[in-house]
Amino acid sequence: MQEKIIITPPFTTDIIRSLHAGNMVYITGTIYTARDAAHLRLVEMLDRGESMPFDFEGQAVYYAGPCPAKPGQAIGSVGPTTAGRMDPYSPRLIAEGLRVMIGKGLRSPEVVESLKKYTGVFFAAIGGAAALMGQSVKKAEVIAFPELGTEAIRKLYVEELPVIVAVDCYGQDAYAQGRSLYEEKS
């Protein structure tokens, strides 16, 4: 049985290099949410030479648009968004220092190459378990683009947020590995 792996931001190159496609890990610490509307704005800000709303170095962006919090909760359900929606923007943000992303689904070859080139990782969050994911969030605050509503950038403090290494910094893809295993057994 695999020992429980708990990782804490900021994520160093050594931490990222220690992760391999298929590893189940738990994140405890500060992460940020951003979806496609926020990603577009971030790239536009970079194009204008503006500062980012948070320092990308060693941080993780969770592709999620959380539901409003119920009384006594930091946040409502917070399930992952399909990562492919961020693919047009991700290589640029990765080149600017963003190394860790959390979402669901496949990534484009350009994103995988950027993860390899800049030593990054893409985690898959558990789709369909948004309420469970929300329970890991202990604090939440909007830090940028409040006019975007659920797509605003939020700073979250999470405890043992469960994720799986979907694409590691070596270009290994857990989705492709799973398909290959299935085909071998068929």
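Tyr32, Phe54 and Phe56 form one aromatic cluster in this predicted model, where local features need pLDDT of at least 70, side-chain atom pairs count only at pLDDT 80 or more, and totals for chains, interfaces and linings use all residues. Residues are numbered from 1 along each chain as its sequence is written, and side-chain values use heavy atoms, with hydrogens and water left out.

The structure holds 2 aromatic pairs; rings of Phe, Tyr and Trp (its six-membered ring) pair if their centres lie within 6.5 Å, and planes under 30 degrees apart count as stacked, over 60 as edge-to-face and the rest as tilted. Tyr32 and Phe54 are stacked, with 3.9 Å from centre to centre and 10 degrees between the planes. Tyr32 belongs to strand E2 (residues 24–33) and Phe54 to the loop between H2 and E3, so this pair ties together parts that are 22 residues apart in sequence. Helices (H or I, at least four residues) and strands (E, at least two) are DSSP runs, numbered from the N terminus. Phe54 also pairs with Phe56, this time edge-to-face, at 5.3 Å centre to centre and 65 degrees between the planes. Phe54 counts as buried because its relative accessibility is 7%, and Phe56 counts as buried at 4%; buried means under 20% relative accessible area, exposed over 50%, and partly exposed in between (1.4 Å probe, protein chains only).

Helix H2 (residues 36–47) has 12 residues and reaches 16 Å from its first C-alpha to its last, close to the 16 Å expected at 1.5 Å a residue; the expected span is 1.5 Å times one less than the number of residues. Its buried residues include Ala38, Leu42 and Leu46. Among the elements covering the buried residues of H2 are strand E3 (60–62), helix H3 (90–95) and strand E7 (153–167). Just after H2, Gly49 takes a positive phi of about 80 degrees.

Turning to strand E5 (residues 121–125), 5 of its 5 residues are buried. Val121, Phe123 and Ala125 point one way, while Phe122 and Ala124 point the other. In a regular strand the side chains alternate between the two faces of the sheet. E5 runs parallel to strand E4 (residues 100–103), joined by 4 bridges, and antiparallel to E7, also through 4 bridges; two strands pair if DSSP finds at least two bridges between them. Ala124 stands opposite Gly103 of E4, and its bridge partner in E7 is Ile164.

Methods:
Contact means heavy atoms within 4.5 Å.
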